[in-house]
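Got the sequence and the fold open side by side?

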Amino acid sequence: MGINKKSGRTAAKLCAVFAAAAVAVSMTADNAPVKASGSDSIADLQAQIQQIQAANQQREEEINGLEGDIEDNEYAMNLVSEQIDGVKNELDINSRLIAAKIEEIEKKQREIEAVEADIADKELEIERKTGEITDLNEQNKQNLKKFAKLARALYMNDTSNTLPILNGSNDWYDFFMYSDVVKNIGGQNMQFMKRLMDSIKEQEELIKELNADIDKLDEDKAELHRQQDALEIEKTALEDEKAQLEDDAADKQNYLYGLSLDNEAMQDRIDDLYIDMAAGNAALEQLNEEIEELIRQAQANNADDIEYGDGFRWPLDSRYNSITTYFGYDSWRNGNHKGIDISGGGIAGSNIYAAQSGTVISVVNYCGHNYGKSWSCGCGGGYGNYVIVNHGGNLATLYAHAEDIVVYEGQHVEIGDVLGYVGSTGWSTGAHLHFEVRVNGSYVDPFNYDYQKV
């Protein structure tokens with residue numbers, strides 16, 4: 001996996017790796033120094049390779065987990081950002097609602113003030129009318145006094161007809177209107193008294209109407225106050241809702257900030273893991289070079305004894321020819337596959353044949369984990385039980401994941417000799433043969449060669 005996130009920061013960190021390459025290549029995945037090749041066998045070096053590969057695999061899994069977490073965080077950040085935008089829109093609408101409520105409250109207040117002014121005007125009118133009635137009553141009182149004098153004069157002059165009429169009258173007005181005595185009073189006095197009484201009655205009716213208007217205005221004023229109080233309650237609720245929305249937006253903003261910080265921290269951790277993987281890969285390169293050197297040395301020591309002939313034998317019976325993994329890049333292993341994996345139905349326990357004549361230069365045969373697994377048991381550097389045969393001419397072949405190896409180091413084998421039996425030891429998901437060809441210790445594609453003798 002390439003380093004492709006926050007490349008600026010990561011590249012700066014990688015500079016430290018390249019600057020310290022001499023130290024990095026001398027460390028295993030567990031930061032234990034790699035032993036000098038002079039005291040290590042191929043199996044020892046491959047075991048160290050397996051340690052580094054396992055550590056790098058663990059780092060890769062952690063990177064994948066962290067990258068998944070970062071993606072989850074970024075998804076959450078997008079959601080929270082959308083929520084914040086939604087809250088901001090809600091706050092905007094809420095603020096406009098509050099402004100509208102305030103405007104309605106102010107309108108109600110203006111209406112209340114207008115009603116109160118109207119009530120005040122009517123109260124002043126009542127006060128004025130009451131004053132006029134008082135004046136009219138006073139005039140009436142004075143006129144009544146005058147009339148009393150007139151009545152007394154009538155009485156003094158003619159009591160036989162006037163007194164019964166006076167005694168039978170309900171009030172002075174009836175007296176004036178219906179009494180025969182009134183006929184003796186001047187027309188001018190009668191008209192004056194009638195106008196006076198009509199005016200009093202008119203003023204009283206006006207006062208009654210004004211009081212009714214005031215009662216209605218009081219009711220209108222009370223209703224306006226109720227509406228104003230309701231608007232105040234609505235405004236307060238909106239203000240509380242706005243405060244809650246603001247708190248919610250602040251909480252979401254803090255959460256968003258926290259996710260961002262988490263992503264920064266996880267990205268830093270990923271950068272560090274990539275750096276560790278780069279150091280581990282550098283150490284792997286050195287170990288592989290040492291293995292290649294050991295193979296070259298073994299081949300040099302046997303240079304006069306063997307020389308491979310023309311044509312290779314297929315390392316299994318011909319019916320087992322299904323290639324599950326080819327030579328080259330393998331995404332599952334996140335690296336190069338250094339050979340070919342051969343499988344087929346019923347392959348477990350079948351013979352593994354020498355592809356060419358040669359001398360056995362390395363054997364690992366201690367792994368008892370003969371079953372499919374998606375992880376490495378650590379045996380044989382991930383190869384499990386394996387054997388390497390030197391064929392001369394700087395050519396060697398490797399046969400891995402065997403159930404059992406039946407040859408020993410230094411043994412001469414002929415083409416087609418049985419080297420062991422197919423198994424699933426080491427890092428193997430199922431029974432198969434991992435077959436490698438090396439030239440001068442370096443991996444080459446096994447299909448660069450023809451397999452004629454089967």
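## Ground rules

This is a predicted model, in which local features need pLDDT of at least 70 and side-chain atom pairs count only at pLDDT 80 or more, while totals for chains, interfaces and linings use all residues. Numbering starts from 1 along each chain as its sequence is written, and side-chain values use heavy atoms, with hydrogens and water left out.

## The whole chain

The protein chain holds 6 helices and 14 strands. Both kinds of element are DSSP runs numbered from the N terminus: helices are H or I with at least four residues, strands are E with at least two. Of its 454 residues, 40% count as buried. Here, buried means under 20% relative accessible area, exposed means over 50%, and partly exposed is in between, using a 1.4 Å probe and protein chains only.

The accessible surface comes to about 24,500 Å², and carbon and sulfur atoms own 49% of that. These areas come from the Shrake-Rupley method with a 1.4 Å probe; for residues, only the protein chains shown count as cover. As for contacts (heavy atoms within 4.5 Å), take those in the protein chain with a separation of 6 or more: residues 24 or more positions apart account for 76% of them.

Helix α6 spans residues 187-301, and Glu-292 lies in it. Is Glu-292 buried or exposed? Glu-292 is buried, at a relative accessible area of 14%. Leaving aside residues up to four places away in sequence, Glu-292 touches Asn-440, Gly-441 and Ser-442. With Ser-442 there is also a side-chain to side-chain polar contact, at 3.4 Å. (A polar contact is a pair of N or O atoms within 3.5 Å; within protein, one must be able to donate a hydrogen and the other to accept it, and residues adjacent in sequence count only if both atoms are side-chain atoms.)

Ile-295 is also found in α6, and its relative accessible area is 0%, so Ile-295 is buried. Not counting residues up to four places away in sequence, Ile-295 touches Ile-42, Ile-361, Ala-396, Arg-438 and Gly-441.

Which strands does β5 pair with? Strand β2 (residues 322-325) runs antiparallel to β5 and is joined to it by 3 bridges, with Ile-323 partnered to Ile-342. β5 and β12 also pair in the antiparallel sense, over 3 bridges, and there Asp-341 has His-434 as its bridge partner. Pairing needs at least two DSSP bridges between the strands.

## Rings and charges

A search of the whole structure turns up 9 aromatic pairs. Rings of Phe, Tyr and Trp (its six-membered ring) pair if their centres lie within 6.5 Å; planes under 30 degrees apart are stacked, over 60 edge-to-face, the rest tilted. Phe-435 and Tyr-451 make an edge-to-face pair, 6.4 Å centre to centre with 70° between the planes. Phe-435 lies in strand β12 (residues 433-439) and Tyr-451 in strand β14 (residues 451-453), so the pair ties together parts 16 residues apart in sequence. Both Phe-435 and Tyr-451 are buried.

The charged end of Arg-313 sits over the ring of Tyr-353, 4.0 Å from its centre. That label needs NZ of Lys or CZ of Arg within 6 Å of the ring centre and within 35 degrees of the ring normal.
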